[in-house]
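Subject: Structure handover

Hello,

Here is the structure I promised to pass on. Please open it first; my notes follow below.

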Amino acid sequence: MKQLISRVLLGVCVLAASACTKIDNYDAPDASFEGRLIDATTHANFLTSQNSIQVRMEQVSWSATPTPQEIPSKFDGTFKDTKLFKGTYRIIPKGGAFWPIYDSVRVDITKGSSHDFELTPYITIKNFTQSLVGTTLTLKFDIDAPIPAGLPTIIDAQPYVNTTKLVGAGASIRDYSETKAVVINKEFIDMSMADKSITLTIPNLISGRKFFVRVGVRLNDSFKSSNFSEIVEVDVP
Amino acid sequence: MKSIYKLIIAISIGVAATTTSCQKLNIAPTNIITPDIIFSSEAGVNSYLANIYRSLPIEDFKYRPDGGDGGRGFNPDNPWMNFYHAGAVTGEMVGPFGGMDIGGGFGYWPYGSIRDVNFLIEQLPNYKAQLTEAKVNALLGEAHFLRAYYYFALAKRYGGVPLITTVQNPGAPLEELQVHRDREDATWDFIGDELQLGYQLMPETSQAGRANKYVAAAYKSRTMLYAGCIAKYGSVNFVDGDARSGGFVGIDAGKANGYFTKAFDAAKLVEGHYSLYNKNADKVQNYVDAFLKSDSPENIFIKQYSINSNTAHSWDATYSPRYMTANALSRAYPTLDFVERFTQLGITNSDGTPKRFTNLADIQAGLEPRLLATVYFPGATLRGLQFDTQRGLYSNFSGTAAAEVAKQPAARAYKISGDVNTLFEGRRIIGFTGIKTSGDELTRTGFYVRKYIDYAKPINTVDLYRSEQPWIDMRYAEVLLNRAEAAFELGNSADALTSINQIRSRAGATALGGIDMAKIRNERCMELAFENQYYWDLKRWRVADVVLDNARFKGLMPYYVINENKYIFLSEPETFGRNYNFEKKYYYEPIPGGELGKNPNLYPNNPNY
């Protein structure tokens, strides 16, 4: 009996030792890719939001027709992904309110790769001022277009108000944001100077709160994306 | 010597054995049905066709535009949840979808079914002796119609797709099996040609649920109108990408009128063979019955259901409240925005105060019969019970409607409740049919769907999988609408006006004196409401991204004012509070990822996917 048990155990040991010898020898996704999205007019980081610019990557060293993956840009106009497979990628930023880039770049991505993209915004927001009277916030700004010819139709302008500094499309308080939009629906070249100077009013802000506020101008391109202003803090007394 | 005998015996046994063996095995397999068994008799062909018809992508009661739990859309695993309706993302209704949940499609890819049709088309000509040449031609026409139907479901989702018209051999080299996408215009042209073949080959009449030549013509008007709109409006509002520059999505604007002409001509062919249902002088009842009476001359192509074959649907049980059914769960409700397509409801006086109504049902006074037959208003009656829909109570009400609705909920003086049994001063706060904001099973907008509701069904039989009224996939009213739209696109506004006024006369609406595109489109939205058409209409007109631009919809909220003993109605945001946003890329669905993996020639994928 003892002999039988030891034989069975021996068999189990042999099987256990010979099993699981095939190991996954493909490198773990330890490559990384990061960079800045640069506004070609100011050379500062592109003012963006969530649901806006995506850096689209296709790993051409894996397949001729790879499935695209996207790195969403952060609010500060940078992007970063640290869990990528090493290889050659075809990369193009898209989805935001900038003149489309048609030539993708090819980057050999390893640990610590980086690449910056220079983008020309459709619309730049200038002279952005805010004034608070009581609980009514008035936002004023002018719009300008670095390249007016062929610009998509301007749909509307709207404020974005949130209680955190992550404020933008899809991250705002509806009653202070979407419902306070001003419809424009004009071509930029048809707009007068007065049209280009826009005022947005947000009444009935809650007293004693701090809000983060920015404005955006939405264009009728493929993504219906918006150009954004910088974010300002508003303390309602 | 003895050994020679042995040898002879051995050889002769051997020869005898080999010559008699392996004969019985050379027979046709008796447990496999071979093509000649199927195709040599009409009954066999009918059984083969039944399977193709069953898988036809008809967007009927059971269609789930988000694919459903099994992801198959057309034969979902939970066919009772009929409230998952495409109208519930477009503002016709609000309901189960949290937003624009259907824009990316569900990967519909019916090449298995198309292969079945291709096999039929390949085999039929071999059986002219058994079936007669006339019968073979008629069946071929039906097959071409069916193939067009499948390709239409593909083209409106993906644009250009591979046009496979032969039965592919699975053993063929991979390069032959990996078929390239065809251009979008080629795909629509193919659909038009197939329907034309169907029109030429099929007989004039058919049994219910099967195609005939006028069915093919009616679908030709639908499909060619779609193609014309893609050419005309898709060349203005589009998303750029490789698929577009390659012609796989999008059609040259110059081809629009060619398609509109085909649509108009096809619609005209149907004239005189079908007509609007007009058998009851009571316009409301007439319009209700148009969707329920099997003898309707308006029905061009229908899909039938039966409890016995386990195919019954659940429309009655999933569009009415439990109060009026044996067992039900409703979840999709028409919006006030949809109702206001017909007319602005007179709920507010000129000074802005809400109009007072003595009875709930008084809100229906003077409304278009078609509207009352499409939507159950507060105060309407179903199976002997009244829709006592009430959002809440006011002890007293002063001021304007607009001022009251603009208030924050906490600042409003109304009494509302999440439970039908809660009383205030001995009176129910909300009705048995709503409106409450907890749970989905009572209306959130004040309305319930009436179209297709089988009012004559006794209350105790209204249950899940117990509805048998057929789905009318194509009816003559749509042909008239297709004709009017195509005519107007071609500059023939007189013909458009005549067609629209035929529909309005049956609907009990006043005739129009003049016509424009907005009126034609609005007429279509009113007439074809809840028939899974509006989503595709918004897409082909390329206005979905404008109509559904972070859109929110309204409901009609009835309140009872206690001190006046009157009802008031307020136009308020629907109480789901849903937001619907249609992204431009949704004008085309993405080619299914699994298919892209199998066939790299399907690239480029549609723009922005």
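A:Gln54 stands opposite A:Pro72, a residue of S3(A). That pair belongs to an antiparallel pairing between strand S2 (residues 54–59) and strand S3 (residues 69–72) of chain A, made over four bridges. Bear in mind throughout that this is a predicted model.

S2(A) also pairs with strand S5 (residues 87–94) of chain A. The sense is antiparallel again, over six bridges. Here A:Glu58 is opposite A:Arg90 of S5(A).

Next, a residue in another strand of chain A. A:Val161 sits in strand S11 (residues 154–162) of chain A. Is A:Val161 buried or exposed? A:Val161 has 23 C-beta neighbours inside 10 Å, so it counts as buried; the cut-off for buried is 20 or more. Leaving aside residues up to four places away in sequence, A:Val161 touches A:Val167, A:Ser172, A:Ile173, A:Tyr176, A:Ser177, A:Ile202, A:Phe211 and A:Val213. A:Val217 is 56 residues from A:Val161 along the chain, and their C-alpha atoms are separated by 14 Å.

Now the interface. Six residues of chain A are in contact with 10 residues of chain B. On the chain A side, the residues that touch chain B are one nonpolar, three polar and two charged.

An unreviewed entry labels residues 110–225 of chain B "domain: SusD-like N-terminal". In the model, this span is 67% helix and 0% strand. The C-alpha atoms at its ends lie 23 Å apart.

Last, a sheet in chain B. Three strands form an open sheet with mixed pairing, in the order S7-S12-S13. Which strands stand at the edges? They are S7 (392–394) and S13 (566–573) of chain B; each has a single partner strand, so one side of each is left without a neighbour in the sheet. On average, neighbouring strands of this sheet are turned by 40 degrees against each other, direction ignored.

S7(B) pairs in the parallel sense with strand S12 (residues 554–561) of chain B, over three bridges. Within that strand, B:Tyr559 is the bridge partner of B:Gly392.

Over to you.

Best wishes

Methods: Residues numbered from 1 in each chain as written. Chains lettered and ligands numbered in written order. Predicted model: local features only at pLDDT ≥ 70, side-chain atom pairs only at ≥ 80, totals over all residues. Pairing = 2+ DSSP bridges. Helix = DSSP H or I, 4+ residues; strand = E, 2+ residues; numbered from the N terminus. UniProt positions renumbered as here; feature names shortened; annotations may be inferred. Axes fitted to C-alpha atoms, helices over the stretch in contact; angles between N-to-C directions. Contact = placed C-beta atoms within 7 Å. Nonpolar A, V, L, I, M, F, W, Y, C, P; charged D, E, K, R; others polar. Buried ≥ 20, exposed ≤ 12 C-beta atoms within 10 Å, placed from the backbone.
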